[in-house]
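Hello,

Here is the structure I promised to pass on to you.

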Amino acid sequence: MENSGADDAIHEVVIVGAGPAGLWAAFQLGLHGVSPLLIDSRATAGGQCAEFYADKPVYDMPGHAVVEAGEIIDRLLRQLDAFSPIFRFDCQITAVAAESEGFRLGLTSGDSLRATRVVLATGLGALAMQNISPLALPQAARNVQGALAVSTATFETQYPGLYAIGDCAAYPGKLPLLASAFHEAALMAFDIKKKRAGDRRVAPEFSSTSSRLKSLFTER
Ligand SMILES: Cc1cc2nc3c(=O)[nH]c(=O)nc-3n(C[C@H](O)[C@H](O)[C@H](O)COP(=O)(O)OP(=O)(O)OC[C@H]3O[C@@H](n4cnc5c(N)ncnc54)[C@H](O)[C@@H]3O)c2cc1C
């Protein structure tokens, strides 16, 4: 796991927020061969789970009768390690501006970085906690009571290439739960996979029966 420094590259995908939604989004993108940069204003990953209730028991995590919130984050990080993720901590994004090709993200330091696609996984609770001012976003990205309106098929906002998942995504029936964030991350990553493929048809893959994924994990 790496904490990156100076940055002149154009990143294919930048994920803003390394809470549970951002971590699972990075894993899902990794399955499709995309290596995102993960940025968080906190010093460590985990968002609300780490900050608010790390030692509290969670009873609605699939496959676990009970698991502490901090352990969920540890497990997500261990799973993500397979893709050698690149993190930038203590780094707050202040603005996401559209450019002719992709986006420029402004940092509180005054620096900026560029990305072809941006996934917002900025939560809501953590934003309130850290007193982070609202992100400046392209006008077309419609704000619904502090969250971003998204397509429930792709989790893209109304601005192409700008996605929102987890607590910062708004759609009818949205539940601010970990399970929702994981589902949203999977659909977002599959949409990015389809867009990268252009005209080529892409089919969903089961990890359990995919020889490509089997060799990817056994070769690491
Ligand atoms: C006390 C409590 C108990 C809960 N219990 C449960 C439960 O039992 N089951 C359940 O399913 N859910 C539970 N939840 C809800 C669950 O924790 C949230 O739904 C989940 O954390 C949302 O994940 P997220 O990644 O979208 O956002 P967050 O966890 O909020 O993470 C967002 C991250 O983005 C970073 N960030 C924000 N803005 C910026 C910026 N501009 N630049 C850089 N970084 C930024 C933040 O620092 C943060 O790390 C609970 C929540 C709380 C507060």
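By a nonpolar core I mean a set of buried Ala, Val, Leu, Ile, Met, Phe, Trp, Tyr and Cys residues joined through side-chain atoms within 4.5 Å. Buried stands for under 20% relative accessible area, exposed for over 50%, and partly exposed for what is in between (1.4 Å probe, protein chains only). This is a predicted model, in which local features need pLDDT of at least 70 and side-chain atom pairs count only at pLDDT 80 or more, while totals for chains, interfaces and linings use all residues. Residues are numbered from 1 along each chain as its sequence is written, and side-chain values use heavy atoms, with hydrogens and water left out.

Let me start with the core. The largest nonpolar core has 63 residues, of which I15, L23, L105, V118, L120, I165 and M188 touch the most other members. Its largest share, eight residues, comes from α1. Helices (H or I, at least four residues) and strands (E, at least two) are DSSP runs, numbered from the N terminus. For L105, the contacts (heavy atoms within 4.5 Å) beyond four places in sequence include V14, V16, I93, A95 and V118.

V119 sits in strand β9, residues 112-120. V119 counts as buried because its relative accessibility is 0%. Leaving aside neighbours within four places in sequence, V119 is in contact with V13, V14, I15, V16, Y163, I165, M188 and I192.

Now to the loop between β11 and β12, where F155 is found. F155 is buried, as its relative accessibility is 1%. F155 and L187 lie 32 residues apart in sequence, yet their C-alpha atoms are 6.9 Å apart in space. L187 is also among the residues that F155 contacts beyond four places in sequence, as are Y163, I165, H183 and M188.

What about E156: is this charged residue buried or exposed? E156 belongs to the loop between β11 (147-149) and β12 (162-164), and is buried because its relative accessible area is 14%. Its side chain makes a polar contact of 3.0 Å with the side chain of K195. The term covers a pair of N or O atoms within 3.5 Å; within protein, one must be able to donate a hydrogen and the other to accept it, and residues adjacent in sequence count only if both atoms are side-chain atoms. The side chain of E156 also reaches the backbone nitrogen of G161 at 2.6 Å.

Finally, the ligand. There are 29 residues around the ligand, and the closest are D40, Q48, Y53, D167 and L178; a residue is near a molecule or strand if one of its heavy atoms lies within 4 Å of it. A polar side-chain atom of Y53 is 2.4 Å from a ligand oxygen. The side chain of D167 has an N or O atom 2.9 Å from an oxygen atom of the ligand, and a polar backbone atom of L178 is 2.9 Å from a ligand oxygen. Taken alone the ligand exposes 1,000 Å², and the protein buries 86% of that (Shrake-Rupley method, 1.4 Å probe; for residues, only the protein chains shown count as cover).

At least two residues of the shell come from each of α1 (20-31), α2 (47-51) and α4 (125-130), and α4 gives the largest share, three residues. By class, the shell has 15 nonpolar, 10 polar and four charged residues. Here Ala, Val, Leu, Ile, Met, Phe, Trp, Tyr, Cys and Pro count as nonpolar, Asp, Glu, Lys and Arg as charged, and the others, Gly among them, as polar.

Best wishes
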